[in-house]
Amino acid sequence: MRILVADDDPGIAETVRRMLVAEGWSVDVVGDGVTALDQLASFDYAIAIVDIMMPGRNGYEVVRAMRSREDWTPVLMLTAKDGEYDQADAFDMGADDYLTKPFSFVVLMARIRALMRRGAPARPAILRAGDLLLDPAAHIVQRGDTVVALTPREYALLEFLLRNKGVVRSKTAILDAVWDLHYAGSENVVEVYISYLRQRIDVPFGRASIETVRGRGYRLADDGG
């Protein structure tokens, strides 16, 4: 089975390549995002290990382009940055896991094994609620024929609500799904982002798709409001 390693740091890329080869993998190494996308289009990879900061196209752009062409190869993103918003952005773009440099090879292999067990299941092409739709492959949100621009966090929140449309989800459940697992701030951040999302997908269209259920949480209407 073959793994793609996309990292513009030759030292890290070669170290990872040698270790993976020693574990019995076939490994291709590239140093920029454009070549990474070409390789992914040409070969069938079990996993892609993608650095965020690369020339040509960065890791975020690589993953977004993969998902837009419905390439569901599991992606483990690498970064030298260690911030919860960087991690959230990686997941919002379609990455499957995230590892901060420097990392232990033991941990890297554990993450790879976990991704292998998970595999690359087919993902729904479009999530809908009435005339509100979210296309995970193209990373597009529309209300009717109008494309709605969202921040990565707003997008992740809407995707979660659409996947649970008609169901009341608590602030805690939303935090667990949309925010970093180590987020230690106030639950009120959910209210703030619900308000932001309403301003994007409801108010300009005279809709009220996101319902506040007092004492319980929030629900996205089945019919999109």
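Contact here means heavy atoms within 4.5 Å. This is a predicted model, in which local features need pLDDT of at least 70 and side-chain atom pairs count only at pLDDT 80 or more, while totals for chains, interfaces and linings use all residues. Residues are numbered from 1 along each chain as its sequence is written, and side-chain values use heavy atoms, with hydrogens and water left out. The chain holds eight helices and eleven strands; helices (H or I, at least four residues) and strands (E, at least two) are DSSP runs, numbered from the N terminus.

**Chain totals**

- Of the 225 residues, 46% count as buried; buried means under 20% relative accessible area, exposed over 50%, and partly exposed in between, with a 1.4 Å probe and protein chains only.
- The accessible surface comes to about 10,800 Å², and 50% of that surface belongs to carbon and sulfur atoms. Accessible areas come from the Shrake-Rupley method with a 1.4 Å probe, and for residues only the protein chains shown count as cover.
- Among contacts in the chain with a separation of 6 or more, 56% are between residues 24 or more positions apart.

- All five of the five residues of strand β3 (residues 47–51) are buried, so the strand is largely enclosed by the rest of the structure.
- In a regular strand, side chains alternate between the two faces of the sheet.
- Both faces of β3 are covered, with Ile47, Ile49 and Asp51 buried on one side and Ala48 and Val50 buried on the other.
- Strand β1 (residues 2–6) pairs with β3 in the parallel sense over four bridges, and Ile3 stands opposite Ile47. Two strands pair if DSSP finds at least two bridges between them.
- Strand β4 (residues 75–79) also runs parallel to β3, joined by four bridges, with Leu78 of β4 opposite Asp51.

**Helix α3**

- Seven of the ten residues of helix α3 (residues 59–68) are buried, so this helix is largely enclosed by the rest of the structure.
- The buried residues are Gly59, Tyr60, Val62, Val63, Ala65, Met66 and Arg67.
- At the start of α3, a side-chain oxygen of Asn58 comes to within 3.0 Å of the backbone nitrogen of Tyr60.
- Glu70, which follows α3, has a positive phi near 60 degrees.

**The sheet of β6 to β9**

- Four strands form an open antiparallel sheet in the order β6-β7-β8-β9.
- The edges are β6 (127–129) and β9 (146–147), each with a single partner strand, so one side of each is left without a neighbour in the sheet.
- Three bridges join β6 to strand β7 (residues 132–135) in the antiparallel sense, and Ala129 stands opposite Leu132.
- Helix α6 (residues 152–163) lies across β6, β7 and β8 (140–143), at about 110 degrees to β7. Axes are lines fitted to C-alpha atoms, for helices over the stretch in contact, and angles run from 0 to 180 degrees between N-to-C directions.

**Asp131**

- Asp131 is found in the loop between β6 and β7 and counts as partly exposed, at 28% relative accessibility.
- Leaving aside neighbours within four places in sequence, Asp131 is in contact with Gln142, Arg143, Gly144, Arg207 and Asp223.
- The side chains of Asp131 and Arg143 make a polar contact at 2.8 Å. A polar contact is a pair of N or O atoms within 3.5 Å; within protein, one must be able to donate a hydrogen and the other to accept it, and residues adjacent in sequence count only if both atoms are side-chain atoms.
- Thr146 is 15 residues from Asp131 in sequence and 10.0 Å away in space, C-alpha to C-alpha.

**The β10–β11 hairpin**

- Strand β10 (residues 210–213) and strand β11 (residues 217–220) pair in the antiparallel sense over four bridges, with Ile210 opposite Leu220.
- Three residues lie between the strands of this hairpin, in which Gly215 takes a positive phi near 80 degrees.

**Aromatic pairs**

- The structure holds two aromatic pairs. Rings of Phe, Tyr and Trp (its six-membered ring) pair if their centres lie within 6.5 Å; planes under 30 degrees apart count as stacked, over 60 as edge-to-face and the rest as tilted.
- The ring centres of Phe43 and Tyr45 are 6.3 Å apart and the planes stand at 70 degrees, so the pair is edge-to-face.
- Phe43 is partly exposed at 39% relative accessible area, whereas Tyr45 is buried at 4%.
- Tyr193 and Tyr196 also form an edge-to-face pair, at 5.1 Å centre to centre and 75 degrees between the planes.
- These two tyrosines, Tyr193 and Tyr196, are three residues apart in helix α8 (residues 188–201), separated by about one helical turn.
- Tyr193 is buried at 17% relative accessibility, and Tyr196 is partly exposed at 39%.
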